[in-house]
Structures are given as C-alpha cells and as structure tokens.
Amino acid sequence: MVLIRILKSWELPEREVTSETAFLNRRRFLKSAIAAGIGATVLPILGCQNQSQTKSELIKNTVPLPDIPRNPNFAQVDRPVTKQIFASRYNNFYEFGGTKSIWRNAQSLPTENWKVEIGGLVKNPRTYDIDEIQKKFPLEERIYRFRCVEAWSMVVPWIGFPMKRLIEDVEPTSAAKFVRFTSFYDPQITTGPGFHLGSLPWPYVEGLRIEEMANDQAFFATGIYGRTLPKQHGAPIRMVIPWKYGFKGAKSIVKIEFLDRQPATFWNTLVPKEYGFEANVNPTKPHPRWSQATERVVGDGPAMSWERKPTLPYNGYGEYVAQLYQT
Ligand SMILES: Nc1nc2c(c(=O)[nH]1)N[C@H]1C(S)=C(S)[C@@H](COP(=O)(O)O)O[C@H]1N2
Ligand SMILES: [Mo]
C-alpha cells in the first residue's frame with residue numbers, strides 16, 4: 001500500500017511535481033525504502049493540488065516599487081508577459097518543499113534586517129543591508145524570458161540591477177575568477193513541513209565565472225511585477241541569469257564570494273550528469289532524461305495551457321552572451 005502511494009506521487013503531472021523532485025524522491029526511495037516516515041514525505045506532495053488563490057495572497061509581504069524605469073533594451077520579448085497569478089504560485093524553492101506549490105510555505109522565510117555579505121578576493125569586502133542595496137544601485141525593470149531545465153518557460157518583469165554594478169563597487173582582485181552565491185538556510189525554518197531533505201548539500205549554492213557575472217544580462221532582482229519580491233520568488237534579493245536554466249538563479253542570497261576556483265554548486269553536486277555548472281539554455285543538448293528542443297509555456301486559462309514552443313540557444317540572448325563561450 002505504501003509502495004503504491006509512493007509510486008503514484010511520482011506519476012503526478014509535471015506541473016505539480018518537478019522533474020528535480022522526481023529524482024529526489026527516487027533517490028530517497030532507493031536509499032531509505034519504506035523507512036518509517038516516508039508517508040509523511042509523500043503526503044504534502046499529494047495534498048498541494050487544486051489550490052485556488054487570489055493575487056493579493058500571492059503578493060503578501062511585498063510593497064509597490066513605483067516609478068522604476070523599464071530598460072528599453074529589455075522592454076518586450078516575442079510573447080506576452082506571464083500573468084503573475086501563474087508565475088507567483090508555480091515556484092521552485094526546495095528549502096520549503098519539493099513541489100511547485102511552495103508559495104504558502106515560503107511565507108515563513110524571515111526577511112527582516114536582511115544582510116548580504118560580500119567577500120573573498122575583493123578590495124572592498126563589506127556587508128550590505130538590503131535597504132542600502134536598494135538605494136545604492138539604481139533599479140530598473142527588465143522583461144526577461146525565464147527557462148527552467150525542466151522545459152517550462154515564462155516571461156517575467158523583474159526589477160533590480162545588473163550584477164556588474166556590484167562588481168564595480170567591491171572591486172575584485174585579479175586573482176578572482178569565479179563567484180559563489182549562497183542562499184539563506186536555517187534548518188529550523190526552511191525545511192518544508194513533512195518534506196525533510198536533510199541529506200541534501202545545503203545551503204543552496206550557485207556559481208558563475210566572473211566574466212559571466214560581469215555580462216550586462218546578469219541581474220540581481222529585488223522585485224517583480226512592480227513590487228518587491230514575494231518570498232516564494234526569493235525575497236529580498238535573488239539571481240536572474242536569463243541565458244541559463246532556472247536553477248542557476250539562487251534565491252534569497254545572503255553571501256557572495258569571489259574565488260580563484262570553480263565552486264561546488266547544489267544541483268551539480270547532487271546530480272552532476274544532469275545539472276552542469278555552465279547550464280546554458282541549449283536546444284541541441286538534451287537533458288539525459290528528456291529533450292530540451294522545445295519548452296512548455298506557463299500560460300493562460302483556468303488550467304495552464306501547455307503550448308510547446310521551440311527553445312532558443314542561450315534562451316534568445318546569444319547576441320549578448322555567445323562571445324563568452326567562444327574557445
Ligand atoms: N535557494 C534556492 N534557489 C533556487 C531554487 C531552490 O530550490 N532554492 N530553485 C531554482 C530553480 S530549479 C528554479 S527553476 C528557480 C525558480 O524561480 P521562481 O520560483 O521564482 O520561478 O529558482 C532557482 N533558485
Ligand atoms: Mo528549475
């Protein structure tokens with residue numbers, strides 16, 4: 001009986017259980033098959049469907065960011081902006097559970113007095129308050145495509161500032177070649193109820209080459225849809241790297257370190273064959289378990305429409321970033 005229920009959870013539609021989750025569940029199952037407590041792991045996955053919510057619930061804990069100029073270079077893409085009612089309830093944030101429906105759990109993220117520590121190989125190491133960051137770096141809005149390794153895509157109006165502004169501020173030394181970004185982690189708070197991912201390599205960590213971070217496309221978002229970031233999107237500050245798969249965009253950043261070597265990262269440590277360090281969107285390079293040639297647009301309607309569109313190299317940003325990868 002227990003077994004059948006576990007298998008059923010793996011067969012839920014992809015929009016409820018992510019492919020990353022399917023992997024984790026399989027791994028957990030193999031490691032600790034039918035261990036006591038596995039029911040508790042599975043139940044929240046089954047229980048999170050058919051939630052209905054209003055936009056005001058989804059933007060709880062946010063404030064408006066009025067008069068932010070839209071960068072004219074990123075004013076539109078070839079498809080409409082995804083409605084917030086879809087984007088803000090369809091998230092990945094494993095610290096708060098393993099489904100796409102973690103937005104409610106994520107409200108327990110404590111964002112008061114948020115600080116971001118910047119160190120490593122820089123001339124000006126320092127710790128910022130989030131308010132200082134908002135004041136110091138001029139904010140702009142950018143409409144970006146957003147493509148996850150799981151082959152869904154959205155179009156999102158982010159508010160934030162290019163990462164290169166932070167590089168200018170802290171002045172990396174010539175020895176700095178890579179950058180490590182670390183997400184908030186507190187096992188007392190961030191483990192989704194009933195979904196104990198204790199054996200995973202927390203905290204969530206991502207990395208870039210310093211040239212990638214210096215590219216004008218690489219962005220820190222502190223807002224979305226005209227307001228500060230809802231917690232489920234990685235409040236109060238997260239990475240947005242539009243030419244890479246979504247998992248490269250670590251949320252709720254607390255630490256940024258400039259390094260002389262490539263850092264280990266969360267998904268790459270866990271499943272190196274499936275989630276590379278570089279992770280550029282590439283329709284010709286399939287994931288070991290599925291094609292990346294097309295993507296499903298997170299769409300309109302009472303249920304999501306799942307229209308398939310061709311995936312573009314570098315997610316459509318090749319003219320800005322392809323030169324980073326010429327050998
Ligand atoms: N800290 C942290 N950052 C994270 C994740 C996560 O689980 N934890 N998931 C990643 C993945 S797989 C994706 S697709 C995006 C999803 O961002 P969104 O929920 O704002 O759409 O966040 C990325 N950043
Ligand atoms: Mo993802």
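## Report on a predicted protein model

Thr-99 sits in the loop between α5 (84-87) and β1 (115-120). Helices (H or I, at least four residues) and strands (E, at least two) are DSSP runs, numbered from the N terminus. This is a predicted model, in which local features need pLDDT of at least 70, side-chain atom pairs count only at pLDDT 80 or more, and totals for chains, interfaces and linings use all residues. Residues are numbered from 1 along each chain as its sequence is written, chains are lettered from A and ligands numbered from 1 in the order in which they are written, and side-chain values use heavy atoms, with hydrogens and water left out.

Thr-99 is buried, at 6% relative accessibility. Buried means under 20% relative accessible area, exposed means over 50%, and partly exposed lies in between (1.4 Å probe, protein chains only). The Thr-99 side chain reaches the backbone nitrogen of Ser-101 at 2.9 Å.

**The chain as a whole**

The protein chain has 10 helices and 12 strands. It holds 327 residues, and 55% of them count as buried. Take the contacts (heavy atoms within 4.5 Å) between residues at least 6 apart in sequence: 75% join residues at least 24 apart. The accessible surface of the protein chain is about 14300 Å², with 54% belonging to carbon and sulfur atoms. Accessible areas come from the Shrake-Rupley method with a 1.4 Å probe; for residues, only the protein chains shown count as cover.

**Salt bridges**

Side chains of opposite charge can pair when their charged atoms come close. A salt bridge here is a side-chain nitrogen of Lys or Arg within 4 Å of a carboxyl oxygen of Asp or Glu. The whole structure has 20 salt bridges. The table gives three of them.

| Asp-169 | Lys-136 | 2.9 Å |

The salt bridge of Asp-169 with Lys-136 links distant parts of the chain: Asp-169 is in helix α7 (residues 163-170) and Lys-136 in helix α6 (residues 130-136), 33 residues apart. Asp-169 is buried at 18% relative accessibility. Lys-136 is partly exposed at 42%.

Arg-142 is buried, with a relative accessible area of 1%. Asp-216 is partly exposed, at 27%.

Glu-274 is buried, with a relative accessible area of 15%. Arg-289 is partly exposed, at 32%.

Salt bridges also form a network. It links Asp-78, Arg-79, Arg-145, Arg-147 and Glu-295.

**The five-stranded sheet**

Strands of a sheet pair through backbone hydrogen bonds, either parallel or antiparallel. Two strands count as paired if DSSP finds at least two bridges between them. Here five strands form an open sheet with mixed pairing, in the order β2-β1-β10-β5-β6. The edges are β2 (126-129) and β6 (205-209); each has a single partner strand, so one side of each is left without a neighbour in the sheet. From one strand to the next, the twist averages 15°. β1 and strand β10 (residues 253-259) run parallel, joined by four bridges. Glu-117 stands opposite Lys-255 in β10.

Note on methods. A polar contact is a pair of N or O atoms within 3.5 Å; within protein, one must be able to donate a hydrogen and the other to accept it, and residues adjacent in sequence count only if both atoms are side-chain atoms. Axes are lines fitted to C-alpha atoms, for helices over the stretch in contact, and angles run from 0 to 180 degrees between N-to-C directions.
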